[in-house]
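Here is my note on this model, point by point. It covers the nonpolar cores and the salt bridges.

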Amino acid sequence: MLVEDEQQQREALSMLLEMEGYEVLTADSAEKALEMLKDARPDMIVTDVKLPGTDGFAFYDLVRENKNLGAIPFLFITGHSDPASMARVKKLGALGYI
């Protein structure tokens, strides 16, 4: 699952992942992704840190609260170099931060 609010970024990243053989579910907000997760169980979630409404970190926390979804690995992406966010990703135990 790819959660990215900027359409061009979402389409480009989705295309790259599909070219590598992945089936990609996309959402433009954490709220839409949470709705999709009621029916889908992705192998991984790639999410932007900065999303409208619920940000990527709050989205992570909401997914982790659900016992059926809590083990899904997360990878955070962002267009901004932010040392505090990088440290937070490490503390959360996510796969990484790009």
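1. A term to begin with. A nonpolar core is a set of buried Ala, Val, Leu, Ile, Met, Phe, Trp, Tyr and Cys residues joined through side-chain atoms within 4.5 Å. Keep in mind that this is a predicted model.

2. The largest nonpolar core has 19 residues. Val3, Leu37, Ile45, Phe59, Val63, Phe74 and Phe76 have the most contacts inside it. Which of them gives the most? H3 does, with 4 residues.

3. Look at Phe59 next. Leaving aside residues up to four places away in sequence, Phe59 touches Val3, Ala30, Ala33, Leu34, Leu37, Ile45, Thr47, Thr54 and Phe74.

4. There is also a second, separate core. It has 5 residues, among them Leu2, Val24, Leu75 and Ile77.

5. Now the charged pairs. Side chains of opposite charge can pair when their charged atoms come close. How many salt bridges does the structure hold? It holds 2.

6. Asp28 is partly exposed, because its relative accessibility is 26%. Lys32 is also partly exposed, with a relative accessible area of 47%.

7. Another salt bridge joins Lys38 and Glu35; here the closest N and O atoms are 3.2 Å apart. Is Lys38 buried or exposed? Lys38 counts as exposed, because its relative accessibility is 57% and the cut-off for exposed is over 50%. Glu35, at 47%, counts as partly exposed.

Key:
Residues numbered from 1 in each chain as written. Predicted model: local features only at pLDDT ≥ 70, side-chain atom pairs only at ≥ 80, totals over all residues. Heavy atoms only, no water. Buried < 20%, exposed > 50% of the residue type's maximum accessible area, 1.4 Å probe, protein only. Helix = DSSP H or I, 4+ residues; strand = E, 2+ residues; numbered from the N terminus. Contact = heavy atoms within 4.5 Å. Salt bridge = Lys/Arg side-chain N within 4 Å of Asp/Glu carboxyl O.
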